[in-house]
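Here's a quick briefing on charged contacts and aromatic pairs. Have a look at the model first, then dig into the notes below.

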Amino acid sequence: MRPAPLTVVARLLLLLGFGLASTGCAGVVVEAETLPFHVAVIPFEREASSTSSSVPDELGFDSAALTGELAEELEGLSFTRVTRLELPPDVAPDEFERWPAAAREAHWLAAAEACHADVLLHTTFRAAPGVRTRLEGGAFWGTFWDGLFKFGAVVSGTGAAYGFSGFLTVFLWGQEDRALRFDVGIDASLQTLAPLLDRASETSLANRRAELARVFVYDSDALISFHERSGWVGHLFSFAIPGALLPSRERRLRQSLRESIGAYLTKVLVQEIEFRKAELLGGNELFPFEVTVLRFARTDGGELALQAEVELATASVDRMDGYRVWVGDELVADAPFGPGEPLGNQRERYRVFVPVPGAGSTPVRLELRDGGLQQGLRTFTLVKGSTGRRNEKQLEIELPEARR
């Protein structure tokens, strides 16, 4: 005797389960305002935890892949341009790590200068041993309704039910099943490049005297929750046992863990930069002047122009020196500032208005110099249509397993 078709109640339960399962697939969306900087990203350095020195390697982390994913997420979201720096040619990562710290820093600074970056991002991360697994209500009930739906398809025996069940299986192939907890740390330093390149200064990556912003979160403050993705075994038996009760293979677990750590690091960094964007534009007390206006405008003839307004605190430096503007690699302006406009409170305003024909999508670079004995130098990289635009992006980290 042919089984009775699904009842209306069963179908409603199945649709409810489908909605719950679909909700669990939503990723993290980060929102930021694009800042007018070209950032050079140093490949992530892995710092072993105090209790285990091999955990990062066991996870299969590839520093180059993690850095590349971070750079891809930041470009157009937090910065107008992002360049991932590379190791010296014909030098293996293990060999480069054995170089003296001064030699490694010299390489990164030379590489950042060569690509005309404005700021430098130096990040260290570490992973603590041990993964704690816990079934969370949302993940468990999502897979429970998925299994109930498939069980209903088996009971009904109709082609439509089997077809929809197959569609659901394909749609939820990456469904997150089990919640896991893992300790991970990040120490990211965003530093302005000009003082680091000044041979007369005492700034370095290590002493952080050129630091604009820092993200420092370690161990218990950096607990992350993520969900292990379903494997084919979980889907095959989910009509009888919820996938949350079926552990995935170790390789799939490591893959989920790597991607979750990558998404976590990116989210924390973007949120910190967004929180401190006003300080970044102001120089974070590294410079006696502050950029209050920086944008593209139009001349009376309709030509594209770069407009900037700079406020100088005359208590420390009594004048601004000059500025330069590049369109791509072409220098289009190199001029001194005229007299400043008094604002009161020992502050003066200086203005820049330079036509930049043919800029379009070509990066425009502005250099500002103060009139101090040891000049403070700041650079900004703008791209038309990017600077100052609010943007959001869903974090989609796909980290391949490191080659052995």
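A salt bridge here is a side-chain nitrogen of Lys or Arg within 4 Å of a carboxyl oxygen of Asp or Glu. By that rule, the side chains of Arg365 and Asp118 form a salt bridge, at 3.6 Å from N to O. Keep in mind that this is a predicted model. Across the structure there are 24 salt bridges.

**Salt bridges**

- The Arg365–Asp118 pair brings together distant parts of the chain, 247 residues apart: Arg365 sits in strand β15 (residues 364–370), while Asp118 is in the loop between α5 (101–114) and β5 (119–134).
- Buried or exposed, for Arg365 and Asp118? Both are buried.
- Arg369 and Asp321 also meet through their side chains in a salt bridge, with N to O at 3.3 Å.
- Arg369 is in strand β15 and Asp321 in strand β11 (residues 320–327), so this pair ties together parts that are 48 residues apart in sequence.
- Arg369 has 14% relative accessibility, and buried means under 20%, so Arg369 counts as buried.
- There's a salt-bridge network too: shared partners join Glu290, Glu309, Glu311, Glu341, Arg347, Arg349 and Arg351 into one network.
- Glu274 and Lys277 are another salt-bridged pair, with their side chains at 3.1 Å, N to O.
- In that pair, Glu274 counts as buried because its relative accessibility is 17%, whereas Lys277, at 23%, counts as partly exposed.

**Surface charge**

- Which residues gather in a patch of negative charge on the surface? They are Glu72, Glu75, Glu396 and Glu398.
- One of them, Glu75, is found in the loop between α3 (63–74) and β4 (79–84).
- Glu75 has a relative accessible area of 40%, so Glu75 is partly exposed.

**Aromatic pairs**

- The structure holds 7 aromatic pairs.
- For Phe96 and Trp108, the ring centres are 5.3 Å apart and the planes sit at 70°, so the pair is edge-to-face; the cut-off for that label is over 60 degrees.
- This pair links distant parts of the chain, with Phe96 in helix α4 (residues 93–97) and Trp108 in helix α5, 12 residues apart.
- Phe96 and Trp108 are both buried.

Conventions: Residues are numbered from 1 along each chain as its sequence is written. This is a predicted model: local features need pLDDT of at least 70, side-chain atom pairs count only at pLDDT 80 or more; totals for chains, interfaces and linings use all residues. Side-chain values use heavy atoms; hydrogens and water are left out. Patches are made of residues with over 30% relative accessible area and no salt bridge: like charges are joined within 9 Å, nonpolar side chains (Val, Leu, Ile, Met, Phe, Trp, Tyr) within 5 Å. Accessible areas come from the Shrake-Rupley method with a 1.4 Å probe; for residues, only the protein chains shown count as cover. Lys and Arg count as positive and Asp and Glu as negative; His and the chain ends are not counted. The place of a charge is taken as NZ of Lys, CZ of Arg, CG of Asp or CD of Glu. Helices (H or I, at least four residues) and strands (E, at least two) are DSSP runs, numbered from the N terminus. Buried means under 20% relative accessible area, exposed over 50%, partly exposed in between (1.4 Å probe, protein chains only). Rings of Phe, Tyr and Trp (its six-membered ring) pair if their centres lie within 6.5 Å; planes under 30 degrees apart count as stacked, over 60 as edge-to-face and the rest as tilted.
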